[in-house]
Amino acid sequence: MIRKALFCLTALLLLLSCGQEDDHDMEKPEIDMSGVSAFPLTCDVVYRGDSFTFKALLTDNRELGNYNIEIHNNFDHHSHSTDDVDCEPDEKKTPVNPFIYNESFRIPDGMVSYQAESSIHVPDDVDTGDYHFMIRLTDKSGWQQLKAVGIKVRDRN
Amino acid sequence: MKFCYSILIFLLCTQLAAHSVESGEFSQSFSGQSRLSLHPQHPDTIGRTIQDEDTNPIELDEVIVRGDRMRNIQMKSAQNIVRVDKSYIEDNFSGSLMQSLEKIPGIRAMTIGSGQSKPAIRGLGFNRMIVTENGIKHEGQQWGEDHGLEIDQFSVDEIEIVKGPGSLLYGSDAIGGVIQLRNNYIPTEQAEGNINLYGRSNNESMGVSGQVGGRINKWYYKINATYMDYADYKVPTDSIQYYSYYIQLKNRRLRNTAGRDRNAGFTLGYLGENFRSHLLVSNINSRSGFFADAHGLEVRLSDINYDRSSRDIDLPYHSVNHFKLINNSAWRIGNITWEGNIAFQNNRRKEFSEPVSHGYMPVPPDALERQFDKNTYTASTLLRMPVKDRLSLQGGLSIEHQHNKRDGWGFVIPDFRTTSMGVFVYGRYHISDNLIISSGARADKVKVHIDSYRDWYQTPDEQGSPVYKERAADLQKSFDSFTWSAGLNYQQGRWMLKANIGKSFRAPTPKELGSDGVNYHIFRYEKGDNSLRAEESYQADMGIRWQNSVLTIQLEPFLNYFPNYIYLNPTPEYYEGLQMYHYAQARVIRYGFETDVHLQLTRQLSLMMQSEYLYAEQLSGDKKGYSLPFSPPWSANFSIGYRPGKGFLGTEGDIVLEYRVTGAQNRIVPPEEKTEGYQLLNLSLGRSWDIKDNSIKLRLQVQNLLNKRYYDHTGFYRLIDVPEPGRNVSVMLGFSF
């Protein structure tokens, strides 16, 4: 009797373990900055008092979520960008009035591909120097992709 | 025939005592007494009193106490239990207690570097399983991913692991199981002791632990102390790639993962005829660094010269001190046993990292990122009595109060106080000698009081005016729970069958109820939900065992259902630049099994095979169809043991070669990463020497013999793609006197 029960149980477990195929989303969204108009790329310079436009192609296998752009200073050289090439940092310094930018943007529902364009204004009284331009992108399932770009804030002249 | 060891033999009037050694023999001359009582120290083996009508001195030629210890342990409970002793820990000694126990199927260590780990039973860790020491629930900061278990593994005499619901005896949190640690060894000599030296090549660890103890009439004492120091551990890679960041490693060492442990304990005990009491005072202190180049999820560069020394502990690091005072007492009046336990614990944990500004948070004034100071007071009582010949009953009452206070510039959980109370009854009925049924029920009440927390810096609100944002609101909640369990044990010839079904629960943690802010550690925004209900779990377990003189086969399947599993759900939303994670509840199903096969080919040669498998799926909610985070992949262990009984390994020596294969984990849930499978070879070699009354034990272990580069899906550093330690040789030298 026990032998039989044991056999049935093993068979059941095997059946359960090799059951259904996963049909849920297992892929992260992508931030594509290989396009000719993509901006900013590593070492790109933005000018205080001016506006610039962030441009990237965002894609996902199922459905895109939202994206966020955050800019913070890297005066202490606390980390480096995700690009293979790093640009030569300026001298380390202590922030006085660093540029802080943090905005989230909605992507319309149901998109698998989206050309992101956001205009960002750099106030004219912020510190110049090394900054990190962080792009974060989610998809509807909660996967997140991250891209960090080292940029510089300079004066136009 | 299996020999019983550590049977305590003592004379009722004099308290003269002797321990049987591992071969089953003991010697102690007793004279002038009429009653010789054999009391096995393990309560599940048989006890018997030999009475001699004659008042003359008697000499027993030989007393053979027969019994199958394994079988008796297994018949004691309808749940799947594993029991190991001190020598098991010594033979499998690793960087932390849970790592030493990892060979037990169904048990996992979630490692945090080389010297710390968290326990998990069948994939359930954190607040879904509990660790007890001498019957008292160990209370640290179990919820934290980078918080290890504060236990000195040298001080543990015996471990019993219950796989399956344990709420009946322990109340909230004991969903996945219970790891019961005991320091119940009672010295037999007036003065005795042992000293252990430990060394480990991979992280250049050095440790020393000593224990002295003694027994004088009805009193006994034990003192133990441990010191361990380790350097940064080595991984079989020159660089780590994380989100396409390249981190170069110097000498293949994981920067700043060094650490040290300093532990001490004192026990005072009284062992009378009908009353015994055991007081334990212990203090665990450990400090270890976190990998310097990526803390949490952020890749960091620092001015600290980490490569200056591989033994120093720089920022970021954490330190924890756990103080414990436990008293266990028991009275026996006739057939009735009354137990009382009281305990106080203080857990003080500090996490330090370089102060840096982030978002609207300015540069903090010091390095104290987080501090948790938790006091826990526990009291419990238990009454055990046989009602009729075949029925025995026990009932108990327990109460626990904890107060957790936070400090530091990083906020993860608010201050809280919880009070919990529980009452239970449990009965066992012997239908026949081979068939036992058992059942119990328990009622619990858990009250949680969370204090409000506001940021220490200002953040602009919707209108742009700066405010000190409230990250946790004042909250009072109460959770009631009714849990139960029913099981049977059946034994027939070579077969043994166990079945158990039980309900268990846990009250939501203050983090799940009240968090509302940035977890700077993992760089995400976590939002609690104060409407969460107590998490409930129903689990059916079976244990099937077949045994003859050479072969033992054991299969332990389980099926587990949660109507409202609490999980942290990553959403597509952003808040303050960080991805929002919401605590939510979903229906979850989990099932799996463990197997254990032991074949004694010849007197010298044995083959062992252990395996485990687990499947989990969320049946509702946002992550329907996904697995649960930290689900361990399947794994199997094949080992061959050789015990020559003579020659260079001595009479007790052995050599074990182990092959471990672990499957890939592709069933993941955001934000996890898929983890590839791997295969490992381990080697273990031990022998002992007896020198007069003293003995020396030597154990050599080689882990990851082939220096394989692999990832542990449940490890803390998996998050940032750090492989597990490379080849390691460890030596344990023990001397007992």
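Two strands pair if DSSP finds at least two bridges between them. Helices (H or I, at least four residues) and strands (E, at least two) are DSSP runs, numbered from the N terminus. This is a predicted model: local features need pLDDT of at least 70, side-chain atom pairs count only at pLDDT 80 or more, and totals for chains, interfaces and linings use all residues. Residues are numbered from 1 along each chain as its sequence is written, while chains are lettered from A and ligands numbered from 1 in the order in which they are written.

Begin with chain A. Three strands make an open sheet there, ordered S1-S3-S6, with antiparallel pairing. Strand S1 (30-32) and strand S6 (113-121) of chain A are the edges, each pairing on one side only. Nine bridges connect strand S3 (residues 51-59) of chain A to S6(A). Within this pair, Ala56(A) faces Ala116(A) in S6(A).

Now turn to chain B. A nonpolar core is a set of buried Ala, Val, Leu, Ile, Met, Phe, Trp, Tyr and Cys residues joined through C-beta atoms within 7 Å. Buried means that 20 or more other C-beta atoms, placed from the backbone, lie within 10 Å of the residue's own. The largest such core has 56 residues; Met129(B), Ile161(B), Val178(B), Phe291(B) and Val722(B) touch the most other members. Elements giving two or more residues to this core include helix H3 (97-100), strand S6 (107-112) and strand S14 (219-230) of chain B. S6(B) supplies the largest share, four residues. A second, separate core holds 24 residues, among them Tyr567(B) and Tyr613(B).

Notes: A residue is buried if 20 or more other C-beta atoms lie within 10 Å of its own, exposed if 12 or fewer, and partly exposed in between; C-beta atoms are placed from the backbone.
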